[in-house]
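Here's a quick briefing to read with the model open beside you. Have a look at the fold, then work through the notes in any order you like.

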Amino acid sequence: LAAHRPRLVLALGQAAGRSALSLERVALNVDDARIPDNAGAQPVDLPVVPGAAAARFTTLPVKAMVAALRDAGCPAELSNSAGTFVCNHVFYGLQHALRRRPSARSGFLHLPLLPSQAQRGEPSLQCRDVLFGAADIRRFLADARDATCGSGGAADVTRRGDLAAGECGENGGADRNDALEFGAGGLGTLHFGGLLCAADAV
C-alpha cells in the first residue's frame, strides 16, 4: 500500500458454506481463530490492531456492486460478517491502513469453494463463474471510482467471451497457491489463485 498507493483495493478470501460472491460490509477489530492458520498461529480474543476502532466499514459501493454482479448473471450477495479468522484480519488491517486516505476505496470479497474443493452437499461455485465475477468487479471498480459508498446506482457490467482453455486448471478447478497467515506486522496475507484486484496507483 505504501509503495503503490492504490486508489482501489479489493482483497479476496475464500469461505466454505457460501454459494455466491460475498461483498463484505464491515471488518471487526478481533482475531478469534477456531483453527490455526498455515503458520500455526491461533490468536483468540485478540485485537487486530490494539487500541483502534472496534469496526471499520468498506469504502466500496458494495450494494451497487452486488446489483451489477446480479445483473451480469453472477451469484452475489452483501455480507455483514467476514468472520474472525484471517479474512477479517486482512480486511480490518486494510481498512485501518487506508483510514486517512479518503480518496482510496477498499474492501473485501469472499469467494465460495470450487466444486473440486467442496465436500458432498457443501455449496460451491464453478471456477468460470468466480473468474467472470472477479473480472466484472474489476470493470465495475474501474468505471465507478466516483460512486458514493452504498449508493444504489450500478455501472454497466457485462460478461465477455469464453475463458481461454486452461484458465481454470484441470477438471474445472482453479490452480491454487494459498497462504493463510496472521501477519507479524498486524496485517495478514492471503493469496488465492492470483485473483487479487488492485487498481491503478496514483
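Predicted model: local features only at pLDDT ≥ 70, side-chain atom pairs only at ≥ 80, totals over all residues.

Residues are numbered from 1 along each chain as its sequence is written, and side-chain values use heavy atoms, with hydrogens and water left out.

**Strand β2 and its partners**

- Helices (H or I, at least four residues) and strands (E, at least two) are DSSP runs numbered from the N terminus, and two strands pair if DSSP finds at least two bridges between them.
- β2 runs parallel to β5, joined by 4 bridges, and antiparallel to β6 (residues 105-111), joined by 2 bridges.
- Leu23 has Leu78 as its bridge partner in β5 and stands opposite Leu109 in β6.
- Leu21 and Leu23 point one way from β2, Ser22 and Glu24 point the other way, and all are buried (under 20% relative accessible area; exposed is over 50%, partly exposed in between, with a 1.4 Å probe and protein chains only).

**Helix α1**

- α1 spans residues 62-71, and its buried residues include Val62, Met65 and Leu69.
- Those buried residues pack against β2 (21-24), β5 (76-79) and α3 (127-143), where contact means heavy atoms within 4.5 Å.
- Just after α1 comes Gly73, with a positive phi of about 90°.

**Nonpolar cores**

- A nonpolar core here is a set of buried Ala, Val, Leu, Ile, Met, Phe, Trp, Tyr and Cys residues joined through side-chain atoms within 4.5 Å.
- The largest one has 25 residues, and Leu109 and Leu141 touch the most other members.
- β1, β2, α1, β6 and α3 each supply at least two residues of this core, with α3 giving the most, at 7 residues.
- Leaving aside its neighbours within four places in sequence, Leu141 is in contact with Leu8, Leu10, Leu60 and Met65.
- There's also a second, separate core of 15 residues, which includes Ala27, Val86, Leu98 and Phe108.

- The whole structure has 2 salt bridges, each a side-chain nitrogen of Lys or Arg within 4 Å of a carboxyl oxygen of Asp or Glu.
- One joins Glu24 to Arg18 (2.8 Å, N to O), and both residues are buried.
- Arg139 and Asp136 also meet in a salt bridge (2.4 Å, N to O); they are both in helix α3, 3 residues apart, about one turn of the helix, and both are buried.
- Thr58 is in the loop between β4 and α1, and its side chain reaches the backbone oxygen of Ser106 at 2.9 Å.
- Thr58 counts as buried, because its relative accessibility is 5%.

- Most residues other than glycine have a negative phi, so a couple of spots are worth a look.
- Arg5, in the segment before β1 (6-14), has a phi near 45° and is partly exposed, with a relative accessible area of 42%.
- Asp45 has a phi near 55°; this residue is in the loop between β3 (26-28) and β4 (55-57) and is exposed, at 58% relative accessible area.

Terms used: Polar contact = N/O pair within 3.5 Å; in protein donor to acceptor, adjacent residues only side chain to side chain.
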